[in-house]
Amino acid sequence: MYLVLRSTGVFFPEEVVATSDLMATEHPQLLLKRRLLSVLGCETVHQCGPEDTPATMAAEAACSALESAEWGSDDVQLLMTVGCTLPDVDIWSTSAKVAQLLDVMSAECMGVGDVACAGSFTALRVLRAILKTERELSRTVLCAGCAMPGGRIFIPATVFGDGAGAFALEKVVKPKRGELFLKDVAVHSHPEFIDAFGPQAGYRKLQKKGELLPEDWTFEVRDQASYAELAKVNFDLGAELLLSRLKKARWKSSQVTRFLSDNVTKSVGAAIAERTKIPLERVDAEGCRVRGHAFAADMFANLHFSIEKQPLEPGERIVSMGMGLGQHWGAALWECAK
């Protein structure tokens, strides 16, 4: 069985905000702002409006993917969503809401979450396993919509932006020349570092205040000792995962034609490439510069825009990689059939 990528779709809100403006608003007393912005490598992010939700944005991206694949609503047999940020507060199931918005009412709906920004890789792994075991399922849509309702500058790691992405995937016996198929996908978790991070918002604040406002929700380093330890080994953990998957796929690092890392910060791609000996010129960090870190949407968007900018060539070998608080690393290997 091969899982072929039929099409991609993205949705990013029209409103664009300069990171320098965010920094001035959220951290007015912070010194060396220019130096920090240079390290983060993010110039602008997209910011969703009051009517946008993770489900509506995911549906927009999925609709675009369906149109590109020339699929109708009856073609979608399985719809899977990735949860990362706060879900729509007025619905029970994001996947069901997306299915309703797309009018794919006969599809099975399910969601994957609790793996932070590496959720898209986990969902892709789960999706592949389901399609292998369920013979009657062949066409599926995987999507994520992510909104950051509070502070967007997470010092010292990243700048958060809003957006959504989607894949239309189909199970086939053998891919045709020029078709991109999933070679491998894996997630490695390192639970010892979970206490390094924590959201400021939570049930205690809700109980104390009686309400939870958007500005209450942001991220912080909760355990400085755990964070310091993680900072020493973080990229080594990611490189360890990628090297193991390259070995399994019998790929040499030099054969990777594109390396697409999540938009956490511009250093991620270069740091992993350096440790795995992937040529630095193969690293694409454009997403970090213009979109910031859109959580689980990064995997979809980075591949979408990479293919849009440079059409696929038979024989290409593409690596997508991301990490999530927790601490999780995910990697997906894509190959363009010869």
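Helices H1 and H2 sit oblique to each other, with an angle of about 130° between them as they pack. Keep in mind that this is a predicted model.

**How H1 and H2 pack**

- H1 covers residues 19-26 and H2 covers residues 33-40, and their axes are 11 Å apart.
- On the H1 side, the contact comes from Thr19, Ser20, Met23 and Ala24, while H2 brings in Lys33, Leu36 and Leu37.
- Sorted by class, that contact of H1 with H2 has four nonpolar residues, two polar ones and one charged.

- As background, most residues other than glycine have a negative phi.
- You'll find arginine 250 in the loop that runs between helix H7 (224-249) and strand E13 (258-261).
- Look for phenylalanine 295 in the loop between helix H9 (286-291) and helix H10 (297-309).

**Buried or exposed?**

- Arginine 250 has a relative accessible area of 77%, so it counts as exposed, the cut-off being over 50%.
- Phenylalanine 295 comes in at a relative accessible area of 2%, so it counts as buried, the cut-off being under 20%.

Methods. Residues are numbered from 1 along each chain as its sequence is written. This is a predicted model: local features need pLDDT of at least 70, side-chain atom pairs count only at pLDDT 80 or more; totals for chains, interfaces and linings use all residues. Side-chain values use heavy atoms; hydrogens and water are left out. Axes are lines fitted to C-alpha atoms, for helices over the stretch in contact, and angles run from 0 to 180 degrees between N-to-C directions. Helices (H or I, at least four residues) and strands (E, at least two) are DSSP runs, numbered from the N terminus. Angles under 35 degrees count as roughly parallel, over 145 as roughly antiparallel, 65 to 115 as roughly perpendicular and the rest as oblique. Contact means heavy atoms within 4.5 Å. Ala, Val, Leu, Ile, Met, Phe, Trp, Tyr, Cys and Pro count as nonpolar, Asp, Glu, Lys and Arg as charged, and the others, Gly among them, as polar. Buried means under 20% relative accessible area, exposed over 50%, partly exposed in between (1.4 Å probe, protein chains only).
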